[in-house]
Amino acid sequence: MGFVKPGRWFKSAAQHHCSGCHHLTHLTYPKKLALFDKYAKLPTMGIGGEER
């Protein structure tokens with residue numbers, strides 16, 4: 001289940017408790033790096049749906 005938090009929270013968070021399924025996920029430094037890398041590689045959409 002997705003969630004929205006400010007960047008400050010993600011930088012300092014050690015775990016996340018999902019309010020939907022109640023799963024506790026530990027956010028280790030390597031997991032955070034993998035998430036940053038994953039989202040840095042996603043294409044961004046410009047005006048009119050054009051890929052940048």
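So, the surface: the protein exposes about 4,700 Å² of accessible area, and 61% of that belongs to carbon and sulfur atoms. Those areas come from the Shrake-Rupley method with a 1.4 Å probe, and for residues only the protein chains shown count as cover. Before I go on, this is a predicted model: local features need pLDDT of at least 70, side-chain atom pairs count only at pLDDT 80 or more, and totals for chains, interfaces and linings use all residues. Residues are numbered from 1 along each chain as its sequence is written, and side-chain values use heavy atoms, with hydrogens and water left out.

How confident is the predictor? pLDDT is its confidence in each residue, from 0 to 100. The protein averages 75, with 65% of the residues scoring at least 70.

On to the layout. We have 2 helices and 2 strands, and from the N terminus they run α-β-β-α. Helices (H or I, at least four residues) and strands (E, at least two) are DSSP runs, numbered from the N terminus. Of the 52 residues, 13% count as buried. Buried is under 20% relative accessible area, exposed is over 50%, and partly exposed is in between, again with a 1.4 Å probe and protein chains only. As for contacts, meaning heavy atoms within 4.5 Å, take those with a separation of 6 or more: residues 24 or more positions apart account for 6% of them.

Now the cysteines. How many disulfides does the structure hold? The count is 0, where a disulfide would be a pair of cysteine sulfur atoms within 2.5 Å. Cys 18 is buried at 8% relative accessibility, while Cys 21 is exposed at 54%.

His 22 has a positive phi of about 65 degrees, and it's not a glycine. For background, most residues other than glycine have a negative phi. His 22 is also exposed, with a relative accessible area of 55%.

Last stop, around α2. Leu 35, Tyr 39 and Leu 42 make a nonpolar surface patch of about 290 Å². Patches are built from residues with over 30% relative accessible area and no salt bridge; like charges are joined within 9 Å, and nonpolar side chains (Val, Leu, Ile, Met, Phe, Trp, Tyr) within 5 Å. Leu 42 sits in the segment after α2 (29-40) and is partly exposed at 44%.

And which side chains meet in a salt bridge? Lys 41 and Asp 37 do, at 3.2 Å, N to O. A salt bridge here is a side-chain nitrogen of Lys or Arg within 4 Å of a carboxyl oxygen of Asp or Glu, and the whole structure has 1. Lys 41 is exposed at 63%, whereas Asp 37 is partly exposed at 39%.

Technical notes: pLDDT = per-residue confidence, 0-100.
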